[in-house]
Amino acid sequence: MSEFQRIALSAFPPAERPALTAQNVDWRESQPFAGAKLLIATPVFFNTLVTHAVLQSAGAELTIGVSADLPRDSQALEVIAKAGIDIVEPTSIARRGYDVVVDCAAQFRNTSARYGYVELTRSGASHYASARQPVVLVDASPIKRIETSLGTGDGFIRGLAHYGHTDLTGKVIAVFGGGKVGQGIAISCHRRGAEVLIIDDPNAVTLPPNVALVDRDDSTEVSHQIERAWCIVTATGEPAALDPWAQTLTVSNPLLANMGVADEFGARVPAERVLNRKAPLNFVLDEPTRLRYLDPVLALVNASALHVLRGEAKPGMHPPPAEIEAQILSLLSDTKLGQELASTPDLTT
Ligand SMILES: NC(=O)c1ccc[n+]([C@@H]2O[C@H](COP(=O)([O-])OP(=O)(O)OC[C@H]3O[C@@H](n4cnc5c(N)ncnc54)[C@H](O)[C@@H]3O)[C@@H](O)[C@H]2O)c1
(Lines give C-alpha, C1' and ligand atoms only; values in the text may rest on other atoms or scores of the structure.)
Protein backbone atom coordinates (compact mmCIF):
# COMPACT_ATOMS: atom_id res chain seq x y z
CA MET A 1 0.00 0.00 0.00
CA SER A 2 1.41 3.42 -0.95
CA GLU A 3 1.72 6.20 1.64
CA PHE A 4 -1.09 8.06 -0.20
CA GLN A 5 -3.41 5.03 0.04
CA ARG A 6 -2.56 4.63 3.74
CA ILE A 7 -3.37 8.31 4.49
CA ALA A 8 -6.61 8.29 2.48
CA LEU A 9 -7.94 4.97 3.74
CA SER A 10 -6.97 5.36 7.40
CA ALA A 11 -8.77 8.73 7.72
CA PHE A 12 -12.24 7.12 7.45
CA PRO A 13 -13.28 3.84 9.09
CA PRO A 14 -14.51 1.07 6.76
CA ALA A 15 -18.01 1.32 8.32
CA GLU A 16 -18.31 4.82 6.78
CA ARG A 17 -17.39 3.51 3.31
CA PRO A 18 -18.74 -0.05 2.88
CA ALA A 19 -19.10 0.04 -0.92
CA LEU A 20 -15.63 1.49 -1.52
CA THR A 21 -14.16 -0.97 0.98
CA ALA A 22 -15.72 -3.91 -0.89
CA GLN A 23 -14.27 -2.59 -4.17
CA ASN A 24 -10.88 -2.13 -2.56
CA VAL A 25 -10.77 -5.67 -1.18
CA ASP A 26 -11.81 -7.12 -4.54
CA TRP A 27 -9.78 -4.90 -6.86
CA ARG A 28 -6.44 -4.82 -5.05
CA GLU A 29 -6.27 -8.56 -5.84
CA SER A 30 -7.74 -8.57 -9.35
CA GLN A 31 -6.12 -5.28 -10.55
CA PRO A 32 -8.88 -4.49 -13.10
CA PHE A 33 -7.43 -1.05 -13.89
CA ALA A 34 -3.83 -2.27 -14.35
CA GLY A 35 -1.99 0.30 -16.47
CA ALA A 36 -5.17 2.25 -17.35
CA LYS A 37 -4.79 6.02 -17.59
CA LEU A 38 -7.69 7.69 -15.76
CA LEU A 39 -8.44 11.38 -15.47
CA ILE A 40 -10.61 11.93 -12.37
CA ALA A 41 -12.21 15.38 -12.20
CA THR A 42 -14.75 14.92 -9.42
CA PRO A 43 -14.61 17.51 -6.57
CA VAL A 44 -11.60 17.00 -4.29
CA PHE A 45 -12.16 16.88 -0.51
CA PHE A 46 -10.47 14.78 2.17
CA ASN A 47 -13.21 12.18 2.03
CA THR A 48 -13.06 11.85 -1.77
CA LEU A 49 -9.37 10.89 -1.55
CA VAL A 50 -10.67 7.43 -0.60
CA THR A 51 -11.94 6.89 -4.14
CA HIS A 52 -8.57 7.89 -5.60
CA ALA A 53 -6.87 5.44 -3.25
CA VAL A 54 -9.18 2.60 -4.32
CA LEU A 55 -8.53 3.25 -8.02
CA GLN A 56 -4.79 3.52 -7.49
CA SER A 57 -4.69 0.31 -5.53
CA ALA A 58 -6.65 -1.33 -8.40
CA GLY A 59 -3.75 -0.51 -10.72
CA ALA A 60 -4.92 2.77 -12.28
CA GLU A 61 -2.49 5.47 -13.33
CA LEU A 62 -4.26 8.55 -11.96
CA THR A 63 -4.37 12.17 -13.01
CA ILE A 64 -6.59 14.51 -11.01
CA GLY A 65 -8.49 17.22 -12.90
CA VAL A 66 -9.35 20.49 -11.15
CA SER A 67 -11.16 23.54 -12.43
CA ALA A 68 -11.93 26.99 -11.04
CA ASP A 69 -15.62 26.14 -11.48
CA LEU A 70 -15.53 23.07 -9.20
CA PRO A 71 -15.34 23.07 -5.39
CA ARG A 72 -12.19 21.68 -3.78
CA ASP A 73 -10.26 21.62 -0.55
CA SER A 74 -6.75 22.98 -1.05
CA GLN A 75 -5.25 20.85 1.75
CA ALA A 76 -6.68 17.67 0.22
CA LEU A 77 -5.20 18.76 -3.09
CA GLU A 78 -1.83 19.17 -1.35
CA VAL A 79 -1.96 15.53 -0.21
CA ILE A 80 -2.48 14.51 -3.85
CA ALA A 81 0.38 16.70 -5.05
CA LYS A 82 2.71 15.36 -2.33
CA ALA A 83 1.92 11.81 -3.48
CA GLY A 84 3.32 12.74 -6.89
CA ILE A 85 -0.05 12.38 -8.64
CA ASP A 86 -0.42 14.78 -11.60
CA ILE A 87 -2.97 17.59 -11.19
CA VAL A 88 -4.21 19.28 -14.35
CA GLU A 89 -6.74 21.94 -15.40
CA PRO A 90 -8.99 21.79 -18.47
CA THR A 91 -6.70 24.18 -20.38
CA SER A 92 -3.46 22.39 -19.50
CA ILE A 93 -4.15 19.02 -21.07
CA ALA A 94 -5.76 19.62 -24.42
CA ARG A 95 -3.16 17.44 -26.12
CA ARG A 96 -3.03 14.59 -23.62
CA GLY A 97 -5.20 11.52 -23.88
CA TYR A 98 -6.63 9.15 -21.28
CA ASP A 99 -8.34 5.79 -21.40
CA VAL A 100 -11.33 7.04 -19.40
CA VAL A 101 -12.25 10.56 -18.27
CA VAL A 102 -14.40 10.80 -15.12
CA ASP A 103 -15.84 14.29 -15.48
CA CYS A 104 -17.86 16.75 -13.41
CA ALA A 105 -19.97 19.50 -15.01
CA ALA A 106 -18.32 18.60 -18.36
CA GLN A 107 -15.19 20.57 -17.46
CA PHE A 108 -13.00 18.09 -19.34
CA ARG A 109 -15.26 17.36 -22.31
CA ASN A 110 -12.52 18.48 -24.72
CA THR A 111 -10.02 16.01 -23.32
CA SER A 112 -9.75 12.88 -25.41
CA ALA A 113 -10.72 9.56 -23.85
CA ARG A 114 -9.91 6.33 -25.69
CA TYR A 115 -12.87 4.33 -24.32
CA GLY A 116 -15.26 7.05 -23.10
CA TYR A 117 -16.46 9.19 -20.22
CA VAL A 118 -18.30 9.08 -16.92
CA GLU A 119 -20.13 12.32 -16.01
CA LEU A 120 -21.19 13.02 -12.44
CA THR A 121 -23.70 15.87 -12.74
CA ARG A 122 -26.79 16.97 -14.59
CA SER A 123 -25.15 20.28 -15.48
CA GLY A 124 -22.63 18.31 -17.56
CA ALA A 125 -25.29 16.29 -19.36
CA SER A 126 -26.20 18.87 -22.02
CA HIS A 127 -22.56 18.96 -23.17
CA TYR A 128 -22.40 15.18 -23.57
CA ALA A 129 -25.95 14.65 -24.88
CA SER A 130 -24.83 14.27 -28.51
CA ALA A 131 -21.59 12.37 -27.78
CA ARG A 132 -20.84 9.43 -30.03
CA GLN A 133 -18.48 7.75 -27.57
CA PRO A 134 -19.87 6.02 -24.46
CA VAL A 135 -20.80 8.45 -21.66
CA VAL A 136 -22.20 7.04 -18.42
CA LEU A 137 -24.28 9.76 -16.73
CA VAL A 138 -24.17 8.95 -13.02
CA ASP A 139 -26.57 11.81 -12.19
CA ALA A 140 -29.33 9.79 -13.87
CA SER A 141 -29.09 7.07 -11.22
CA PRO A 142 -31.16 6.35 -8.10
CA ILE A 143 -27.91 6.02 -6.10
CA LYS A 144 -27.03 9.66 -6.81
CA ARG A 145 -30.12 10.63 -4.80
CA ILE A 146 -28.50 9.22 -1.66
CA GLU A 147 -25.88 11.95 -1.97
CA THR A 148 -28.03 14.82 -3.25
CA SER A 149 -31.02 14.22 -0.97
CA LEU A 150 -29.92 12.47 2.24
CA GLY A 151 -26.30 13.70 2.17
CA THR A 152 -27.19 17.30 1.41
CA GLY A 153 -30.02 17.28 3.97
CA ASP A 154 -27.55 16.04 6.59
CA GLY A 155 -25.01 18.69 5.45
CA PHE A 156 -27.66 21.41 5.83
CA ILE A 157 -28.42 20.34 9.42
CA ARG A 158 -24.70 20.27 10.28
CA GLY A 159 -24.27 23.67 8.57
CA LEU A 160 -27.00 25.19 10.77
CA ALA A 161 -25.36 23.61 13.84
CA HIS A 162 -22.04 25.20 12.84
CA TYR A 163 -23.78 28.57 13.39
CA GLY A 164 -25.24 27.42 16.72
CA HIS A 165 -28.74 26.49 15.50
CA THR A 166 -29.21 22.99 16.82
CA ASP A 167 -32.83 22.89 17.99
CA LEU A 168 -35.30 22.91 15.11
CA THR A 169 -38.32 21.80 17.13
CA GLY A 170 -41.42 23.70 16.03
CA LYS A 171 -39.41 26.09 13.81
CA VAL A 172 -40.89 27.02 10.44
CA ILE A 173 -38.47 26.29 7.58
CA ALA A 174 -39.38 27.37 4.04
CA VAL A 175 -37.45 25.64 1.27
CA PHE A 176 -37.48 27.27 -2.18
CA GLY A 177 -37.07 24.45 -4.72
CA GLY A 178 -38.40 20.96 -4.05
CA GLY A 179 -36.04 18.98 -6.28
CA LYS A 180 -33.51 16.40 -5.03
CA VAL A 181 -31.67 18.79 -2.71
CA GLY A 182 -34.77 20.63 -1.45
CA GLN A 183 -36.56 17.35 -0.68
CA GLY A 184 -33.57 16.07 1.28
CA ILE A 185 -33.44 19.28 3.33
CA ALA A 186 -37.19 19.04 3.95
CA ILE A 187 -36.94 15.39 5.10
CA SER A 188 -33.99 16.11 7.43
CA CYS A 189 -35.65 19.19 8.98
CA HIS A 190 -38.97 17.42 9.47
CA ARG A 191 -37.16 14.53 11.23
CA ARG A 192 -35.78 17.10 13.68
CA GLY A 193 -39.22 18.43 14.54
CA ALA A 194 -39.43 21.45 12.23
CA GLU A 195 -42.57 22.57 10.41
CA VAL A 196 -41.44 22.41 6.79
CA LEU A 197 -42.89 23.81 3.60
CA ILE A 198 -41.61 23.67 0.06
CA ILE A 199 -42.19 26.58 -2.33
CA ASP A 200 -42.17 25.38 -5.94
CA ASP A 201 -44.30 24.66 -8.99
CA PRO A 202 -46.90 22.12 -7.74
CA ASN A 203 -46.57 20.21 -11.03
CA ALA A 204 -42.79 19.82 -10.62
CA VAL A 205 -42.61 18.35 -7.12
CA THR A 206 -43.10 14.99 -5.46
CA LEU A 207 -43.80 16.08 -1.92
CA PRO A 208 -42.15 14.21 1.00
CA PRO A 209 -44.60 13.09 3.73
CA ASN A 210 -45.66 15.76 6.27
CA VAL A 211 -44.27 18.61 4.19
CA ALA A 212 -46.60 21.38 2.94
CA LEU A 213 -46.44 22.87 -0.54
CA VAL A 214 -46.82 26.52 -1.51
CA ASP A 215 -47.24 27.45 -5.16
CA ARG A 216 -44.29 29.65 -6.10
CA ASP A 217 -46.63 31.76 -8.30
CA ASP A 218 -48.98 32.57 -5.41
CA SER A 219 -47.16 35.73 -4.35
CA THR A 220 -49.53 36.59 -1.47
CA GLU A 221 -49.00 33.18 0.14
CA VAL A 222 -45.24 33.20 -0.54
CA SER A 223 -44.92 36.65 1.14
CA HIS A 224 -46.93 35.41 4.10
CA GLN A 225 -44.67 32.35 4.52
CA ILE A 226 -41.51 34.46 4.21
CA GLU A 227 -42.80 36.64 7.04
CA ARG A 228 -43.59 33.72 9.37
CA ALA A 229 -40.53 31.56 8.57
CA TRP A 230 -37.69 31.05 11.04
CA CYS A 231 -35.36 30.05 8.20
CA ILE A 232 -35.52 30.37 4.40
CA VAL A 233 -33.43 27.96 2.33
CA THR A 234 -32.80 28.07 -1.40
CA ALA A 235 -32.24 24.96 -3.53
CA THR A 236 -33.67 25.93 -6.93
CA GLY A 237 -30.51 25.67 -9.02
CA GLU A 238 -31.42 29.13 -10.44
CA PRO A 239 -29.23 32.20 -9.92
CA ALA A 240 -31.20 35.06 -8.27
CA ALA A 241 -34.35 32.92 -7.98
CA LEU A 242 -35.42 34.93 -4.91
CA ASP A 243 -34.82 38.34 -6.42
CA PRO A 244 -38.58 39.09 -6.56
CA TRP A 245 -38.58 38.81 -2.72
CA ALA A 246 -35.33 40.75 -2.14
CA GLN A 247 -36.98 43.73 -0.46
CA THR A 248 -38.94 41.61 2.04
CA LEU A 249 -35.93 39.39 2.75
CA THR A 250 -33.61 42.30 3.46
CA VAL A 251 -35.88 43.85 6.09
CA SER A 252 -37.33 40.64 7.60
CA ASN A 253 -35.83 38.50 10.38
CA PRO A 254 -35.53 34.88 9.17
CA LEU A 255 -32.21 33.12 8.84
CA LEU A 256 -31.27 32.91 5.16
CA ALA A 257 -29.29 29.98 3.76
CA ASN A 258 -28.36 29.04 0.21
CA MET A 259 -27.73 25.41 -0.72
CA GLY A 260 -27.46 25.91 -4.49
CA VAL A 261 -24.23 26.38 -6.36
CA ALA A 262 -25.17 29.87 -7.62
CA ASP A 263 -26.20 32.91 -5.55
CA GLU A 264 -29.92 32.13 -5.47
CA PHE A 265 -30.81 35.21 -3.37
CA GLY A 266 -29.47 37.60 -6.02
CA ALA A 267 -27.42 40.79 -5.86
CA ARG A 268 -30.10 42.84 -4.06
CA VAL A 269 -29.76 40.70 -0.91
CA PRO A 270 -26.41 41.56 0.78
CA ALA A 271 -23.97 38.65 1.27
CA GLU A 272 -23.71 39.34 5.04
CA ARG A 273 -27.47 38.79 5.38
CA VAL A 274 -27.04 35.13 4.30
CA LEU A 275 -25.25 32.38 6.30
CA ASN A 276 -21.82 31.53 4.85
CA ARG A 277 -22.06 34.73 2.76
CA LYS A 278 -24.29 33.04 0.16
CA ALA A 279 -21.96 30.07 -0.52
CA PRO A 280 -23.73 26.70 -0.07
CA LEU A 281 -24.26 26.42 3.69
CA ASN A 282 -22.68 22.98 4.01
CA PHE A 283 -19.49 24.23 2.33
CA VAL A 284 -18.64 25.99 5.59
CA LEU A 285 -17.84 22.49 6.93
CA ASP A 286 -14.63 20.46 6.51
CA GLU A 287 -16.78 17.58 5.26
CA PRO A 288 -19.64 19.26 3.32
CA THR A 289 -21.20 15.88 2.51
CA ARG A 290 -20.34 12.97 4.80
CA LEU A 291 -18.49 10.05 3.24
CA ARG A 292 -21.31 7.74 4.35
CA TYR A 293 -23.59 9.41 1.76
CA LEU A 294 -20.91 9.72 -0.92
CA ASP A 295 -19.64 6.14 -0.63
CA PRO A 296 -22.31 4.49 -2.88
CA VAL A 297 -22.06 7.11 -5.62
CA LEU A 298 -18.24 7.12 -5.57
CA ALA A 299 -18.32 3.33 -5.86
CA LEU A 300 -20.79 3.70 -8.73
CA VAL A 301 -18.46 6.17 -10.49
CA ASN A 302 -15.56 3.71 -10.12
CA ALA A 303 -17.63 0.76 -11.37
CA SER A 304 -18.91 2.87 -14.29
CA ALA A 305 -15.32 3.79 -15.20
CA LEU A 306 -14.46 0.07 -15.30
CA HIS A 307 -17.56 -0.63 -17.41
CA VAL A 308 -16.34 1.99 -19.93
CA LEU A 309 -12.72 0.81 -19.81
CA ARG A 310 -13.77 -2.76 -20.60
CA GLY A 311 -15.62 -1.56 -23.70
CA GLU A 312 -18.94 -2.75 -22.26
CA ALA A 313 -20.67 0.65 -22.36
CA LYS A 314 -22.74 1.40 -25.45
CA PRO A 315 -22.10 4.58 -27.49
CA GLY A 316 -23.93 7.77 -26.48
CA MET A 317 -25.02 9.05 -23.07
CA HIS A 318 -26.92 6.70 -20.76
CA PRO A 319 -27.36 5.89 -17.05
CA PRO A 320 -25.21 3.28 -15.29
CA PRO A 321 -26.38 -0.33 -15.79
CA ALA A 322 -29.08 -1.28 -13.26
CA GLU A 323 -27.17 -4.41 -12.20
CA ILE A 324 -24.14 -2.34 -11.10
CA GLU A 325 -26.44 -0.14 -8.98
CA ALA A 326 -28.21 -3.17 -7.49
CA GLN A 327 -24.88 -4.76 -6.56
CA ILE A 328 -23.73 -1.57 -4.76
CA LEU A 329 -27.08 -1.12 -2.97
CA SER A 330 -26.91 -4.73 -1.77
CA LEU A 331 -23.70 -3.89 0.13
CA LEU A 332 -25.55 -1.29 2.22
CA SER A 333 -28.28 -3.39 3.77
CA ASP A 334 -26.60 -3.91 7.17
CA THR A 335 -25.15 -0.41 7.48
CA LYS A 336 -26.29 2.79 9.20
CA LEU A 337 -27.07 4.24 5.77
CA GLY A 338 -29.02 1.09 4.88
CA GLN A 339 -31.27 1.67 7.91
CA GLU A 340 -31.79 5.30 6.87
CA LEU A 341 -32.66 4.20 3.33
CA ALA A 342 -35.14 1.67 4.68
CA SER A 343 -37.00 4.49 6.45
CA THR A 344 -36.96 6.62 3.24
CA PRO A 345 -38.23 3.97 0.83
CA ASP A 346 -38.92 6.10 -2.28
CA LEU A 347 -35.39 7.41 -2.54
CA THR A 348 -33.62 4.74 -4.56
CA THR A 349 -36.57 3.19 -6.38
N1 LIG B 1 -24.87 22.09 -1.35
C2 LIG B 1 -24.63 20.89 -1.88
O3 LIG B 1 -23.89 20.06 -1.32
C4 LIG B 1 -25.27 20.51 -3.17
C5 LIG B 1 -25.27 19.17 -3.60
C6 LIG B 1 -25.89 18.85 -4.81
C7 LIG B 1 -26.48 19.85 -5.58
N8 LIG B 1 -26.44 21.16 -5.14
C9 LIG B 1 -27.08 22.26 -5.88
O10 LIG B 1 -28.41 22.44 -5.39
C11 LIG B 1 -29.20 23.06 -6.43
C12 LIG B 1 -30.49 22.25 -6.62
O13 LIG B 1 -30.16 20.97 -7.12
P14 LIG B 1 -31.28 19.84 -7.37
O15 LIG B 1 -30.54 18.64 -7.82
O16 LIG B 1 -32.21 19.75 -6.23
O17 LIG B 1 -32.08 20.48 -8.61
P18 LIG B 1 -33.46 19.97 -9.22
O19 LIG B 1 -33.44 20.41 -10.65
O20 LIG B 1 -33.70 18.54 -8.88
O21 LIG B 1 -34.57 20.82 -8.41
C22 LIG B 1 -34.72 22.22 -8.50
C23 LIG B 1 -36.16 22.55 -8.13
O24 LIG B 1 -36.26 23.98 -8.00
C25 LIG B 1 -37.49 24.41 -8.58
N26 LIG B 1 -37.37 25.82 -8.92
C27 LIG B 1 -36.70 26.40 -9.95
N28 LIG B 1 -36.82 27.73 -9.89
C29 LIG B 1 -37.57 28.01 -8.80
C30 LIG B 1 -38.04 29.23 -8.20
N31 LIG B 1 -37.76 30.41 -8.73
N32 LIG B 1 -38.79 29.15 -7.08
C33 LIG B 1 -39.09 27.94 -6.52
N34 LIG B 1 -38.68 26.75 -7.05
C35 LIG B 1 -37.94 26.81 -8.17
C36 LIG B 1 -37.68 23.47 -9.76
O37 LIG B 1 -39.06 23.42 -10.15
C38 LIG B 1 -37.19 22.14 -9.18
O39 LIG B 1 -38.24 21.41 -8.56
C40 LIG B 1 -28.28 23.11 -7.65
O41 LIG B 1 -27.66 24.39 -7.71
C42 LIG B 1 -27.25 22.05 -7.37
O43 LIG B 1 -26.04 22.27 -8.07
C44 LIG B 1 -25.88 21.49 -3.96
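Guide: Between them, domain 1 and domain 2 bury about 640 Å², with 59% of it on carbon and sulfur atoms; buried area here is the accessible area (1.4 Å probe) that two parts lose on being put together, summed over both. R290, Y293 and E340 supply 65% of the area that domain 1 buries against domain 2, more than any other three residues. Keep in mind that this is a predicted model: local features need pLDDT of at least 70, side-chain atom pairs count only at pLDDT 80 or more, and totals for chains, interfaces and linings use all residues. Residues are numbered from 1 along each chain as its sequence is written, and side-chain values use heavy atoms, with hydrogens and water left out.

As for who's who, domain 1 covers 3-140 + 290-342 and domain 2 covers 148-284, bounds that come from an automatic or database domain assignment. Their centres, taken over C-alpha atoms, sit 30 Å apart. Eight residues of domain 1 touch seven residues of domain 2, where contact means heavy atoms within 4.5 Å.

Now for the charges: the count between the two domains is one salt bridge, meaning a side-chain nitrogen of Lys or Arg within 4 Å of a carboxyl oxygen of Asp or Glu. R290 forms a salt bridge with D154, and the closest N and O atoms are 3.0 Å apart. On the side of domain 1 that touches domain 2, the largest share, three residues, comes from helix α12 (residues 336-342); helices are DSSP runs (H or I, at least four residues), numbered from the N terminus.

Technical notes
Helix = DSSP H or I, 4+ residues; strand = E, 2+ residues; numbered from the N terminus.
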